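Keep the sequence and the 3D view open while reading.

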Amino acid sequence: MQGKRILLGISGGIAAYKIASLIRLLKKSGAEVKCIMTPASSDFISPLTVATLSKNPVGIEFWDKNDGTWSNHVEYGLWADVFLVAPLTANTLHKMAHGGCDNLLMATYLSMKCPVIVAPAMDLDMYVHPTTTRNLEILRQDGIQIIPAESGELASGLIGQGRMAEPEKLFEVLKAFFHASDELAGKKFLITAGPTYEAIDPVRFIGNHSSGKMGFALADSILKKGGEVILISGPTKLDLKHPNLTLIRVQSAENMLHEVQQHWSKVDAGIFSAAVADYRPVKAADQKIKKSEDNLTIELVKNPDILAWAGTQKRETQCLIGFALETNNGQEYAADKLKRKNLDFIVLNTLEDKGAGFGFDTNKISILDNHNNFTSFELMSKADVAENIVAYMKKYLK
Ligand code: C5P
């Protein structure tokens, strides 16, 4: 942790008193620490304690009422390698999710250039309230790492989930962050995600149930390891923001192919998780098709195979990964695709596994590689599946 620059944001919950221990752990490990407190948090821990332990002035107000000096929130943003908000109260969570900016901590958050981690802390009813769940989900989609609250006795006397993770745990997360953030530094990745929409007429399309969750989880995992990502996604509700991310939104397979062709030669590896429509209407009607005959025939033509195109252009130093969703004879079809599309490995999922596939937050995969190794994984969150795929891919990076 020597020389790492950690900005701590402290909001006003009882767990704020524990931040003193975290600052000590960080300082002992050689890190530089600066703190910003919300005005309410100074009721729970004295700014003098925070300033003394961190060996830096504490930012609370936009400007110092005594000498009129202004606290430059942009400079905090530029200084930090990571911004940890702990404890994160329901109020500050709400502001972070919706762009509120009524104190120095929030202004700093909005001008942050580095990754952000949060450690929520609140009473158990507040923690499980649907608004809290929604706001945490918004933060997660904004690329923020969340250290879940732990279970135990709460300040209210109630017992349940809501306690801020202990300072030792926060310290471990920060250590892991710095360790991981170098793993894929300097490497570039192209990911395709989501469905494609193939226009029938100006209002209708042929699509599929792909949510894009797997591809976005892969992008998130790589970004957290310091890699650069070009994410080419079909229509999805998902969003992701990160300084090292270029997110390109497309509609159809042809649009997706065009973008892949622009970027494939620049990357070290490609992960093609998009559920590309195999066929598209030969011609999309210019006007909305009117209801008239009992039967309507739409002639379809095969879409370009984007992954196969990348396979034909693949350089010796590039790694190429495909997905296969099969309902029967999975391994056999996957082996065929692996060869035909010139892949290094293929991720296989079947719709037979409960909780796996479209729309779910979980997935159950197997990996078949070009040395004929077949590895099956348990059902797990798509975030954990992404970790496993990225770990597997690391063996192939040159
Ligand atoms: O051949 P199949 O469609 O089952 O192959 C699935 C794999 O190929 C996935 O990785 C998918 O993203 C990719 N693919 C593609 N372009 C297509 C069809 C599939 O990139 N037109």
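Leaving aside its neighbours within four places in sequence, which residues is Ile 147 in contact with? They are Leu 84, Ile 117, Val 118, Ala 119, Pro 120, Ala 165, Lys 169, Leu 170 and Val 173. Bear in mind that this is a predicted model.

Ile 147 sits in the loop between S6 and strand S7 (150–153). Its relative accessibility is 4%, so Ile 147 counts as buried. One of its contacts is Val 173. Ile 147 and Val 173 are 26 residues apart along the chain, yet their C-alpha atoms are separated by 8.1 Å.

Val 173 is one of the buried residues of H8. What do the buried residues of H8 pack against? Their partners are strand S1 (5–10), helix H1 (19–28), strand S4 (82–88), strand S5 (116–120), strand S6 (145–146) and helix H9 (213–224).

The length of H8 (residues 167–180) can be checked. It has 14 residues, so at 1.5 Å a residue it should span 20 Å. Its end C-alpha atoms are 20 Å apart, which agrees.

**Aromatic rings**

The structure holds 5 aromatic pairs. Phe 177 and Phe 178 make an edge-to-face pair, with 5.0 Å from centre to centre and 75° between the planes. Phe 177 has a relative accessible area of 12% and is therefore buried. Phe 178, at 8%, is buried too. Elsewhere, Phe 345, Tyr 392 and Tyr 396 form one aromatic cluster.

**Helix H9**

H9 is one of the elements that the buried residues of H8 pack against. H9 has 12 residues and reaches 16 Å from its first C-alpha to its last, close to the 16 Å expected at 1.5 Å a residue. Why is H9 described as largely enclosed by the rest of the structure? Because 10 of its 12 residues are buried. They are Met 214, Gly 215, Phe 216, Ala 217, Leu 218, Ala 219, Asp 220, Ser 221, Ile 222 and Leu 223. Gly 226 follows H9, and its phi is positive, near 90°.

**Thr 196**

Thr 196 lies in the loop between strand S9 (188–193) and strand S10 (198–199). Is Thr 196 buried or exposed? It is buried, with a relative accessible area of 0%. Its side chain makes a polar contact of 2.8 Å with the side chain of Glu 198. A polar atom of the Thr 196 side chain also lies 2.9 Å from the backbone nitrogen of Ala 277. Beyond its neighbours within four places in sequence, Thr 196 is in contact with residues including Ile 206, Gln 251, Met 256 and Val 276.

**The ligand**

Val 276 is also among the residues that surround the ligand. Others there include Phe 272, Asp 278, Asp 305, Gly 322 and Lys 341.

| Residue | Protein atom | Ligand atom | Distance |
|---|---|---|---|
| Pro 304 | backbone N or O | nitrogen | 2.8 Å |
| Leu 307 | polar backbone atom | oxygen | 2.8 Å |
| Lys 337 | side-chain N or O | oxygen | 2.4 Å |

Taken alone, the ligand exposes 450 Å², and the protein buries 86% of that.

Methods: Residues numbered from 1 in each chain as written. Predicted model: local features only at pLDDT ≥ 70, side-chain atom pairs only at ≥ 80, totals over all residues. Heavy atoms only, no water. Helix = DSSP H or I, 4+ residues; strand = E, 2+ residues; numbered from the N terminus. Expected span 1.5 Å × (residues − 1). Buried < 20%, exposed > 50% of the residue type's maximum accessible area, 1.4 Å probe, protein only. Contact = heavy atoms within 4.5 Å. Near = heavy atom within 4 Å. Polar contact = N/O pair within 3.5 Å; in protein donor to acceptor, adjacent residues only side chain to side chain. Areas by Shrake-Rupley, 256 points an atom, 1.4 Å probe, with all protein chains shown as cover. Phe/Tyr/Trp six-rings, centres within 6.5 Å; stacked < 30°, edge-to-face > 60°.
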